[in-house]
Amino acid sequence: MLDRMELKNFLRIGATLLTILFSHPAISEMKAMSDDFLSGVSGQSGLTIDAQMRAEIGEFAYFDDGKGLALQGVRLSSALDQAQTADFQFEIDILESGALSWGFSSENVSRFEIEEIRFVDAPGITAALDDKSLGGFFLDFDIEGSITLNNIQSPGVEGGVYDIDFSIKDGRLGYRTNGNELFLDGMSLDVSSLGTVLGVNPAGELTLSLPNFLAELKVEALRFSNNPNNHGVTIDVDSLTALPSYGSIWANLDLNADLTIKSGGASGSQGMTINASAVINRADVAWGDDTDWLNAGAWIGALGVTGSVDLVNLTVDVLDDTDVGVNYNGVGLALAFERLDASFHIQDFVLGETKSNIDAYVIDGLTPVKSIGGFDINLSFAESDFLSNVVSIQAGGNSSAGYQGIRLDTQLNISGSANESNFVYNEDGSSLMFSGLEAYVDGDITLDVTAASGTDSYDGLRVGFEDLAFGYKVEGYRVAKNAVSVDDLKTKDLQAAHAIGGLGFSPAMEGTLNGHITLGPGGQIGQEGITVNSDLYVTDGSMARFIQSDGTGNGVWLSGLNYDVHLRDMMLDVTSDGLRIYEGESWSKMDVTDFRVGDKDSGASFGRLILESYTVGSESIISAGGAGQICIGGIGGDSTACEADDGRWEDRGTQGITIATTKFFKNSIESEDKRNRITWETGRTGEGTPTQTNGTGMQLVFDNFTTNDGTDSLDTYGFRSDYNIDISSTRVLKKSNGPDSNGVDGDKGDEKIMNADGTYVYVAPSALTPADIANRPVGIAVRTRTHFKELDFDRVNLVHPTGGDSTLLYGLKLQNFDITTDITATPLD
Amino acid sequence: MKIKFQTFILCALTSVNCFAEMASINDSELSEVTGQSGVYLSGEVSINEQGGPLTDSYFGECTDLTKSCGARLSFQTQESGGWFVIDDIKGSIAFEGLTFQVKEITSGFGGDGALFNKSVMEIGMPESIRMNDFEFTLATGSSSRPSDAGYQQLDFMTVEMSGELTLEGNLLVFPTP
């Protein structure tokens, strides 16, 4: 535990350092205030200090049980010219209340920079140029504000009560590795934290309490530079053009938080342990694309966020890597925690909205916005029998990206066996819970800012995965109308979990992930956006397409999954229609050793499936709003016309998700292993055992399928799929006489009607009331329209392992298809 | 995005008839089932109810009686041979009560159930299916596209279905690689 004297000494040293910095005779200047200045101030009695500072510290290191984290090349200077000083004015005053007020303001834009962050064994040792480093960070700022130390004592804390209020403008916050930079440009930050308590509690723990924390962040552009000559500039110094941007960022935060720090970590005698909790009273976060911050451009945002975070026993230590051999990556900063519970409620998630409308919505909560609905996210990180929660931050990043970068040796576990972790989607008063979420990751994640080079490296932030074992599953779905809370939703019937068309969601998946996703700047529309290049490989995995809700884990499984996905110039833009995704070129191969029914490891198998896909220029748009008003089983534009055609009229509300995709399947490129092909293999050597040999059975191959416009020379229409996803009521009829599996009695043909408490009854159709109809069961409603002009299969072959190919069909052609399916899934009782 | 199309293909593959067997489940078998944990599906599938996207010398609007507005599937079984055609596919099928779940088969089926002793897909037939002007034409053609120059097609028969169908029982899909 941190001794009070140690803490006081620490604070005293810090204060001394600050004093030395700010009063250095070579770079600071004490100024008398002029008579003219004072004449405008009544009751002025303070002290004004003009400080011009240019400071450089070779190394600032923190040592924990003999291993150090060193900040090297720490500098404070002017941002415009690092040979010049950072200029500030400080005003120190005693207020009438007895409080000490310290005002501060910048006279120019300053830069605080850390050139390298390394792990060291001893202080002051000059590092070799290629010694691994986390990279460098810099902060440009023009700050103005004040800190007032109030003349009061916070109960139970020996320390001070501070009112903190400051604004930063013209800011930049950047991360630099190997000559490439990613930075927030044109950043402004307004912070107010009244009644902040900083001190030591009776247990000797450093205590920080933020009872009234308010902040607003605005970032004009998140920019990228691959020119080593650039450093914290908006305009490229060589080409004199603006550096490319990912878009704008806006965030608004109102929270209160408490944090304590005590000495001693998880290992050795030193280190620290942190406990923290926070309540988010309100937060809004949004990303804008080609925006003027008013009516031009479009934003994606999570609005009206509330929630809480509770962190238990986060230990901080500088520790050696426990991995050995090629996986050993040296010393790192190990962050381990016993438990982390986080709950967030997102009132509205908007797609393609203007900033003006978002601002109006934030003020009044009533302005209509393009919302897909809201979410509740509840996550409980806790140790399991096999995994703990620890992230070790190591230096170096991906080995081929250069000596700078970040490696996160990660082990995280989300516990959900008691449904403490789940994900809820809310729209138009109905809710869908992905119940009992459990997940884990165990392996290395690397972060590097990289420049394009050859075919392996791309411009942008490279997120790499190295032997990252991962997995997640849900126990099932819970669906309800007008659920009053997440806890209320937990009491509703558990139903089987199944893949949801359009979303690409599977109820369970696991495997080992390798590869990277590189997020570059610029989209296909306008100047801003995100460009994704990626090569991902999932090996030794499994994926569920359907899981029963009886807890057995039985379902429909893709077992022995090996899946690789490659994306080139996939560009994300936010438009007024929503999130637009353009794929320059993409190809993938999903090789499923066993398509099983029942248990994922031992269930009966249909054999092996291989699905290969190759598309060029495909597009998707994800927008707010679902199917709206529709006629099922008939044709009609309103309820009268629909019912006259023996259809059923359904109003699925204004919210929901619509995903419209257009895919252009292209001819194979043999040399690059890109093709569209479906292969089904059965009768392999060892079939029915865990050691069957792929490639030894009989294969049915649908080879080289492509799209066109009905002529071989044109392909502008592609293969289109439009998905409308809603949580909506539907009619459910009893299929037999007598009690169902839950003991609820009824006759064949009766309708299932829900009670307010989640139970249900069966009502004869002739006895249905309008109230009954309003209480029909809620399900996952997916309306899918698939349409294409022509889909050509080059050949359908039968392939014998020794006899070779035999052509079954010399051509298979599908023309002029427009298929609409409208399926609502509810629990089977 | 990849997974969606692949799922579609998987669904198509798993409904292949050669792996399916229609079987009614007797009361004793049902008594061994405690609770249900599958899904109940209701909805509609419609094909080219209001035409398709292709417009050329053969395909067009449904209001144009000189054109076909239905979907078309054709395949060639001999190299340089003619084409089998399922033409002008259109109409809709609405259903309520299609169910899906995974079921253990450990007995029955003349002793084969005990030998199988694994899970199968159970597709519960909806009691009622309503077909609305569902139709298609079986034909043969001289080339792959009806818009090809000199194309000739011989129609064998046209099937039209409308009205209510009653389907009871369950479809059990046995994985037998």
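## Exercises on strand pairing and burial

β30(A) and strand β34 (residues 677–682) of chain A pair in the antiparallel sense over 5 bridges; two strands count as paired if DSSP finds at least two bridges between them. Strands are DSSP runs of E with at least two residues, and helices are runs of H or I with at least four, numbered from the N terminus.

This is a predicted model, where local features need pLDDT of at least 70, side-chain atom pairs count only at pLDDT 80 or more, and totals for chains, interfaces and linings use all residues. Residues are numbered from 1 along each chain as its sequence is written, while chains are lettered from A and ligands numbered from 1 in the order in which they are written.

**Exercise 1.** Find the pairings of β30(A) with β34(A), β28(A) and β33(A).

*Solution.* 
- Start at β34(A): its Arg677(A) has Glu612(A) opposite.
- Go on to strand β28 (residues 578–598) of chain A, which is antiparallel to β30(A) with 13 bridges. Here Leu611(A) is the bridge partner of Met590(A).
- Finish with strand β33 (residues 657–663) of chain A, joined to β30(A) by 6 bridges, again antiparallel. Ile657(A) faces Ala624(A) in this pairing.

**Exercise 2.** How many residues of β30(A) are buried?

*Solution.* 
- Apply the cut-off: a residue is buried if 20 or more other C-beta atoms, placed from the backbone, lie within 10 Å of its own.
- Count along residues 608–624: 13 of the 17 are buried, which leaves the strand mostly covered.

**Exercise 3.** Describe the secondary structure of chain B.

*Solution.* 
- Tally the elements: 3 helices and 8 strands.
- Read them from the N terminus: α-β-α-β-β-β-α-β-β-β-β.

How values were computed: A residue is buried if 20 or more other C-beta atoms lie within 10 Å of its own, exposed if 12 or fewer, and partly exposed in between; C-beta atoms are placed from the backbone.
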